[in-house]
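Hi,

Here's the structure I said I'd pass along.

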Amino acid sequence: MTEPYRILHSVFGHHSFRAYQEEAVNAILAHKDLMMILPTGAGKSLCYQLPSLVMDGMSVVISPLLALMHDQITALSTFGIKASMISSMQSPQEIQETMHACRKGELKLLYVAPERLKGESFFKLFTNPSYQFFVIDEAHCVSEWGHEFREDYRQLFRLKLYFPQTPIAAFTATATKIVEHDILHQLSLSNPLIIRAKVERDNLTIKADYRNANGREQLLTFLSAFEHESGIIYTLSRKETESLAQFLNTRKILARAYHAGLPTEEKNETFRAFLNDEIQVVVATIAFGMGIDKSNIRFVVHMSLPKTIENYYQEIGRSGRDGLPSSTLLLFSNSDIVEHKRRIGEQPASEYQKVAYEKLDAMAKYASSQVCRHQHIASYFDDTILTCKTRCDNCIDGEKQSIDISHEALKLLS
Ligand code: ADP
Ligand code: MG
Ligand code: ZN
């Protein structure tokens with residue numbers, strides 16, 4: 001048995017690699033730059049954690065989410081892997097200790113928050129670098145064309161300046177071709193292996209519909225097919241998460257609200273109750289998302305139009321991780337577009353606002369599109385697939401709609 005397989009079994013306890021993982025591991029072991037675009041939950045972390053164990057020395061992971069980093073380090077320590085983090089959450093003394101451990105070669109993985117990359121001080125911390133490779137997690141944050149651009153990520157261009165010999169592995173769940181090229185460019189990846197998973201999720205049924213005056217009734221109709229099954233309902237505003245959760249409770253559907261304005265304890269408790277199937281539904285803003293690793297989510301509903309297809313695709317992708325049939329419903333109305341435009345700013349002045357308007361426009365077009373939903377999403381991410389035929393409203397009702405339209409046309413002609 002080769003070393004990676006041995007570690008896959010003995011350290012991580014997995015029987016086999018998932019799709020694309022082995023290729024990624026081998027690329028890192030061969031000291032190649034790597035760019036991997038794989039859906040959330042597909043198992044990207046293993047792709048760098050495993051090679052870090054095969055290789056001597058330490059590797060550095062840049063990751064934007066403190067909570068996620070913390071979870072990863074805890075998980076790694078249960079596998080007996082020495083990892084630590086540097087972020088605004090640690091005291092200067094803790095950071096000193098971590099740096100000391102680094103220099104003594106006691107760590108396998110060092111997680112670093114992007115805000116630490118400000119200025120050159122971070123890069124100078126490592127005067128005697130001996131890293132195996134750098135990992136950029138959530139790499140789309142480096143691109144202004146992405147949906148979660150972070151100013152601090154811009155500093156990552158320095159990696160190849162300071163450490164030209166050290167390979168970089170970039171990971172993201174969603175990247176259009178434009179974002180992909182931007183990431184390659186920003187990080188100056190040299191001759192990287194690019195692994196891009198197929199976009200299609202063939203266990204999902206995707207539907208979209210205009211939200212009428214009583215959107216909640218439309219929601220209840222949809223939910224009636226999912227008694228006692230887990231799901232997430234996304235709303236635009238914090239207030240709406242709370243009032244909708246209350247409404248569902250009056251209809252005997254166990255639901256709780258989740259948004260960034262709630263106390264951390266309450267959020268953690270809701271998260272825990274949801275993971276343990278003690279509640280059926282979380283009604284949430286987009287704050288509920290990254291890092292959710294619950295396999296049996298049977299449905300995801302959007303009560304309003306998401307602001308980008310990237311967001312939408314990531315959110316619906318939280319359903320059906322176990323591969324079993326799952327459903328998604330998007331309810332939208334023109335007023336959602338007005339609200340998004342208000343949030344972005346009425347007059348698109350900056351580059352950022354222009355991109356936001358374009359992405360919103362793409363999302364709105366998708367919502368009212370007649371094309372196969374799977375195909376539409378795939379083509380947005382530059383993937384080409386056949387129509388799903390049976391797993392989206394446009395394919396299922398396609399005939400009905402064309403009849404409706406010709407019916408209208410007949411009326412107009414007469
Ligand atoms: P991503 O970063 O792509 O969103 P994660 O790395 O967080 O995904 O992994 C998601 C889940 O998949 C984790 O619970 C992880 O333990 C599991 N996983 C990863 N690789 C495998 C594998 N080869 N076999 C079984 N489970 C795996
Ligand atoms: Mg991840
Ligand atoms: Zn279809």
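Before the core makes sense, one term: a nonpolar core here is a set of buried Ala, Val, Leu, Ile, Met, Phe, Trp, Tyr and Cys residues joined through C-beta atoms within 7 Å. Bear in mind that this is a predicted model.

By that definition, the largest nonpolar core has 98 residues, and Val 135, Ile 136 and Ala 170 have the most contacts inside it. Helix 14 (residues 351-367) supplies the largest share of this core, six residues. As for Ile 136, leaving aside residues up to four places away in sequence, its contacts are Ile 62, Leu 156, Ile 168, Ala 170, Phe 171 and Leu 187.

Helix 15 (residues 373-380) is mostly covered, with six of its eight residues buried: Arg 373, His 374, Gln 375, His 376, Ile 377 and Tyr 380. Those buried residues pack against strand 8 (204-210), helix 12 (309-316), helix 14 and helix 16 (393-396). Just after helix 15, Asp 382 has a positive phi of about 60 degrees.

Now the ligand. Ligand 1 is surrounded by 13 residues, the closest being His 14, Thr 40, Gly 43, Lys 44 and Ser 45. By class, that shell has four nonpolar, six polar and three charged residues. Helix 3 (residues 44-54) gives the most to it, with three residues.

On confidence: the protein's average pLDDT is 88, and 93% of the residues score at least 70. Residues 402-414 fall below 50, and this stretch has zero contacts in the model beyond near neighbours in sequence. Where pLDDT is low, the predicted coordinates should not be read in detail. For the complex, the predictor gives an ipTM of 0.97 and a pTM of 0.67.

Cheers

Key: Residues are numbered from 1 along each chain as its sequence is written. Chains are lettered from A and ligands numbered from 1 in the order in which they are written. This is a predicted model: local features need pLDDT of at least 70, side-chain atom pairs count only at pLDDT 80 or more; totals for chains, interfaces and linings use all residues. A residue is near a molecule or strand if its C-beta atom, placed from the backbone, lies within 6 Å of it. Helices (H or I, at least four residues) and strands (E, at least two) are DSSP runs, numbered from the N terminus. Ala, Val, Leu, Ile, Met, Phe, Trp, Tyr, Cys and Pro count as nonpolar, Asp, Glu, Lys and Arg as charged, and the others, Gly among them, as polar. pLDDT is the predictor's confidence in each residue, from 0 to 100. Two residues are in contact if their C-beta atoms, placed from the backbone, lie within 7 Å. A residue is buried if 20 or more other C-beta atoms lie within 10 Å of its own, exposed if 12 or fewer, and partly exposed in between; C-beta atoms are placed from the backbone.
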